[in-house]
Amino acid sequence: MTYTELELIAESKKGHVNNVKLYEYLDQARKEWYHFCILLGVEAVAVHIGVDYKKEVFQGDKLFITTTLERVGNTSFTLTQKIIRDEQELVVSAESVLTTIDRKLRSKVKVPDEIRSMLIKESLLDAKLFISTT
């Protein structure tokens with residue numbers, strides 16, 4: 001399955017990183033998917049996000065976030081996300097359902113075949129490469 005990766009250092013003024021900040025990190029890690037959909041002529045919007053917080057995160061923790069295409073339906077697709085601390089400890093897991101919409105009409109449309117085909121690929125999504133190869 002196709003996936004994206006993001007590395008960052010946790011930031012907090014109080015030492016403990018608030019769960020809302022971790023949620024923001026998950027959103028930041030989905031940006032490549034949002035951008036890719038726009039390149040395909042549709043917009044992806046979140047319709048459901050479920051997050052499980054497993055461990056505390058602290059200021060300065062090195063975090064690694066993977067976002068993987070898990071399922072594709074008719075007008076939506078599901079991404080699973082994991083935040084790993086120090087390349088070994090799962091601290092957050094999440095599932096995000098995104099629906100694809102027409103950017104002008106703001107109504108649901110079929111998920112582009114380019115996304116559907118990513119279910120059978122084991123590769124890193126790089127929207128910049130898509131621009132140069134299409």
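1. How many bridges join strand S1 to strand S3, and in which sense do the two strands run? Strand S1 (residues 3-9) and strand S3 (residues 62-72) are joined by 7 bridges and run antiparallel, where strands are DSSP runs of E with at least two residues, helices are runs of H or I with at least four residues, and both are numbered from the N terminus. Two strands are taken to pair if DSSP finds at least two bridges between them. Within this pairing, Tyr3 has Thr68 of S3 as its bridge partner.

2. On the basis of this note: the model is predicted, so that local features need pLDDT of at least 70 and side-chain atom pairs count only at pLDDT 80 or more, whereas totals for chains, interfaces and linings use all residues. Residues are numbered from 1 along each chain as its sequence is written, and side-chain values use heavy atoms, with hydrogens and water left out.

3. On the overall architecture, the protein chain holds 3 helices and 5 strands, and their order along the sequence is β-α-β-β-β-β-α-α. The radius of gyration of the protein chain is 16 Å, close to the 14 Å that the globule rule gives for 134 residues, so the chain is as compact as a globular protein of that length; the radius is taken over C-alpha atoms, and the rule is 2.2 Å times the number of residues to the power 0.38. Along its principal axes, the C-alpha trace spans about 45 × 30 × 20 Å.

4. On burial and surface, 40% of the 134 residues of the protein chain count as buried, a term that means under 20% relative accessible area, with exposed meaning over 50% and partly exposed lying in between (1.4 Å probe, protein chains only). The accessible surface of the protein chain comes to about 7700 Å², and carbon and sulfur atoms account for 51% of this surface; the areas come from the Shrake-Rupley method with a 1.4 Å probe, and for residues only the protein chains shown count as cover.

5. On the pairing of S3 with S4, strand S4 (residues 76-85) is antiparallel to S3 over 9 bridges, and the two strands form a hairpin with 3 residues between them. Thr66 stands opposite Lys82 in S4, and Leu69 has Leu79 as its bridge partner in S4. Strand S4 is mostly covered, with 7 of its 10 residues buried.

6. Arg71 also lies in strand S3 and is partly exposed, with a relative accessible area of 43%. Leaving aside neighbours within four places in sequence, Arg71 is in contact with Phe77, Thr78, Glu95 and Leu119. The C-alpha atoms of Arg71 and Pro112 are 13 Å apart in space, and these residues are 41 apart in sequence.

7. On the pairing of S4 with S5, the two strands are antiparallel over 10 bridges, and Gln81 stands opposite Ala94 in S5. The hairpin of S4 and S5 has 3 residues between the strands, and there Asp86 takes a positive phi near 50°. Asp86 is not a glycine, and at 41% relative accessibility Asp86 counts as partly exposed.

8. A further residue to check is Arg106, which has a positive phi of about 60° although it is not a glycine. Arg106 is placed in the loop between S5 and helix H2 (113-116), and its relative accessibility of 48% makes Arg106 partly exposed.

9. Val45 belongs to strand S2 (residues 42-53) and is partly exposed, with a relative accessible area of 23%. Not counting residues up to four places away in sequence, Val45 touches Val97, Leu98, Thr99 and Ile101. The C-alpha atoms of Val45 and Lys121 are separated by 23 Å, with the two residues 76 apart along the chain.

Definitions and conventions: Contact means heavy atoms within 4.5 Å.
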